[in-house]
Amino acid sequence: MTGRTLPRGARIRSLGHASYEIEHAGVRLLIDPWFHPAFLGSWFPFPDNRPLLDDVVTNVYDLLYLSHAHEDHFDERTLELIDRDATTVVVPRFRSKALVRRLEELGFRTVVSLGHKERHEVADGFVLTMLLDTSHKEDSGLVVDLDGFRFLDLNDCNTPLSELPTDVDLLSAQYSGAMWYPNCYAYPDEVQRRKTAEVRGDLFDTLVRKVRLTGASAYLPAAGPPCFLDPELERFNDRTATIFPVWDDLADDFAAACPGVAAVCLEPGDALTADGPVESGLPGRAAWREDPEGYLAAYRVRRADEWAAYHEEPFEPVGAEELSGYFAKLTSWNKRFLADYERDVRLVADGVTWAVRLGRVGGVLEEDPVDAGYTIHVPPRALRAIVDGRIGWEEALLSLRLSLHRDPDVFDLTLMSLLRYGNQPAQTMQMVRERDEAASGETIERCGYAFQRFCPHAGEDLAHADIEDGVVECPRHHWKWDLATGECVSGGTVPLRVDPSERVP
Ligand code: FES
C-alpha cells in the first residue's frame, strides 16, 4: 500500500463477503455480518466464514452498521444472536422505514438513522459518514475515518459517482455481480455468453471508475461472489460462465487499469493493521484455492440441512384467486407509479400457467394473452413465500431459482420496478418523483450537447458519462442514448431529455 497506513492499534478484520469488524480508539464496529443462507436458501458466503460465527456472537460490539435490507447484509439469524442491548445500530435513513422497524422487532434498543452524508462521531478520531444510493434504490455505503485513515465501504452500493468522497486510502467495493440478469434469462448459449461478458465488463468498468474517483490507494475486493450449495443451482458456481467471477479472474486487468493501486485480498478472518495484512491462521484458510470443486463439494455436505430446508418446508400451492388478490393489492399500492401502464405477464409455476394483467386493473386473467411478452417461471414454493409477503420478488429473483423469458428482449423498467419495489411503495413513489424531475430537472452541457444531468434509469450523475459519436453512456448500468434525439439505444426504453437547440456546431 502506498497511501496512509492504519493508525497503530487499529484493525480492519474481514468476516467474509461484505462483513468487517473494525477496532480503533477503544471502539468495536461490526459491519453487515452474514453467515446464513440468503434468498430462499440459495446464496452462501464464499469462502465459508462459519468458523468465525462463534467469535462474532460472543464479542461485544459498540456499533453495528447495516448497509441495506438484502439478506446477505441483513442476516436476521445472526442479528438474533448478537447482544442487542449493548449494541447501537447505525443504518441509512431510507424513505421506507422497514429497516428500522425490523431492527426494533429484533429487540435492538438504540438505532441511529443517518441521512446522505450525515456524520456520526463515535469517539475521538473515529467518525462514520453515511452515503446513500440517492435514487429510489435503498442501499448505502459508509466512510470510516480513523485518525486520518479513510476506509470507504461501498459494498454493492452505487452512490452517484459525483457524490463519492476523495482522498480514500482503502476502498472496499463489489467486483462480482449480485443480480439475476442475464444468467436467469433463457437465452441461446451464444447470446448468454455475450451478455454475461458485457455485464462482467460493465462491473469492472464501474469498479475502475470508483477507484479512480475516490483516489483510493488500495482496494479490498468484497461483497461477492456468493456460492450456491443447492445442487439445483450448481451451474451458478461456474466462475467463467456467470457474472460471479472470483478476484483472481480480474486481478491482472485491475493491475493494468489501476497501476499503483494495491489489491488487498483478505480471506475471512484475515485483518489489516498498521503493519499490513495479517493472516488468520484458521485451519483450512484459503483451501478453496487449491481445489475449488472439492472445496464446494465438502461445503455442500457441511450445510446440507440448510440448503435442503428450502425443499422440505411444507407449503400450500398458491391458487388463482389468491394470486389475483395479490396482484390487485400490488397494483393498488402503486397506482401513481403505474399511471396508465398496462402489461400482461405469463407466470408459470410447476406446469400451471397464469396470465396476469399488471397495471390499472391488476389480477389474473381468464385467458392466456397471446402477446404476454414476459414469461416468469417461478417455483411454487417461492410463489407461496412471495404471496405470503415473506419475501419480495427482488429476493426471489436474487435466489436465481426463477427463470425469465422476454420477447422482444427489452428491459421493461416499469414492470421490473413494480415487481422489485412494489411491496415498498416508498420506493416506487420516489421513482414517480424521479420521472417528474427528469422532465424538468437540472441540465448539463457536455461536448456541445445539453441533456438532463441525472440518469432517467436510476439517477446516476451523467457528468461522468462517456460520450462518443453523439451517444452518451451512463457509467452505472451502461444504458446509452442518442444525444440528437434522446432515444435510448441500448439498455432500456426510457428516453433522455435533450435540448437540441444547445448543440454547439
Ligand atoms: S443509473 Fe442505470 S443506466 Fe444510469
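## Charges over aromatic rings

Arg239 is placed over the face of Phe46, 4.8 Å from the ring centre; a charge counts as sitting over a ring if NZ of Lys or CZ of Arg is within 6 Å of the ring centre and within 35 degrees of the ring normal. Arg406 lies over the face of Tyr185 in turn, at 4.6 Å from the ring centre.

The model is predicted: local features need pLDDT of at least 70 and side-chain atom pairs pLDDT 80 or more, while totals for chains, interfaces and linings use all residues. Residues are numbered from 1 along each chain as its sequence is written, and side-chain values use heavy atoms, with hydrogens and water left out.

## Aromatic pairs

The structure holds 19 aromatic pairs (rings of Phe, Tyr and Trp, the last by its six-membered ring, with centres within 6.5 Å; planes under 30 degrees apart are stacked, over 60 edge-to-face, the rest tilted). One of them joins Tyr175 and Trp247 in an edge-to-face arrangement, with 5.2 Å from centre to centre and 75° between the planes. This pair links distant parts of the chain, 72 residues apart: Tyr175 lies in the loop between β12 (170-174) and α4, and Trp247 in the loop between β14 (227-228) and α5 (251-257). Helices (H or I, at least four residues) and strands (E, at least two) are DSSP runs numbered from the N terminus.

Tyr185 and Tyr187 form a stacked pair, 5.7 Å centre to centre with 20° between the planes. Tyr185 and Tyr187 are likewise buried. Elsewhere, Phe39, Trp43, Phe228, Phe236 and Phe244 make up one aromatic cluster.

## The two cavities

The structure contains two cavities of 30 Å³ or more. On a 1 Å grid over the protein atoms alone, a cavity is a set of points where a 1.4 Å probe fits but cannot get out; a pocket is an open set with protein on both sides within 12 Å along at least five of seven lines; lining residues have an atom within 4 Å of a point. Volume is the space filled by probe spheres set on the points, which are joined across faces, edges and corners. The largest cavity holds about 300 Å³ of space. It is lined by 21 residues, of which Pro47, Tyr175, Pro221, Gly224 and Leu266 are the closest to its centre. Two or more lining residues come from each of β1 (11-16), β13 (218-222) and α6 (287-290), and β13 gives the largest share, three residues. By class, the lining of the largest cavity comprises 14 nonpolar, four polar and three charged residues (Ala, Val, Leu, Ile, Met, Phe, Trp, Tyr, Cys and Pro are nonpolar; Asp, Glu, Lys and Arg charged; the others, Gly among them, polar).

The second largest cavity has a volume of about 40 Å³. Its lining consists of Phe327, Val345, Leu347, Val356, Leu358, Ile376, Trp393, Leu415 and Leu419. This lining has nine nonpolar, no polar and no charged residues. At least two of the lining residues come from each of β18 (342-349), β19 (352-359) and α13.

## Helix α13

Nine of the nine residues of α13 are buried, so the helix is largely enclosed by the rest of the structure. These buried residues are Leu413, Thr414, Leu415, Met416, Ser417, Leu418, Leu419, Arg420 and Tyr421.

The N-terminal end of α13 is capped by Asp412, whose side-chain oxygen lies 3.1 Å from the backbone nitrogen of Thr414.

## The second largest pocket

The second largest pocket has a volume of about 1,200 Å³. Of its 48 lining residues, Met179, Tyr181, Val199, His477 and Trp479 lie nearest its centre. The elements that supply two or more residues to this lining are α4 (189-214), α12 (393-398) and α13 (413-421). Helix α4 contributes the largest share, eight residues. The pocket lining divides into 19 nonpolar, 14 polar and 15 charged residues.

Arg13 is located in strand β1. Its relative accessible area is 8%, so Arg13 counts as buried. The side chains of Arg13 and Asp55 are joined by a polar contact of 2.7 Å (a pair of N or O atoms within 3.5 Å; within protein, one must be able to donate a hydrogen and the other to accept it, and residues adjacent in sequence count only if both atoms are side-chain atoms).

Pro369 is found in the loop between β20 (363-365) and β21 (374-377). Pro369 is also buried, because its relative accessibility is 10%. Pro369 and Pro379 are separated by 10 residues in sequence and by 21 Å in space, C-alpha to C-alpha.

Key
Buried means under 20% relative accessible area, exposed over 50%, partly exposed in between (1.4 Å probe, protein chains only).
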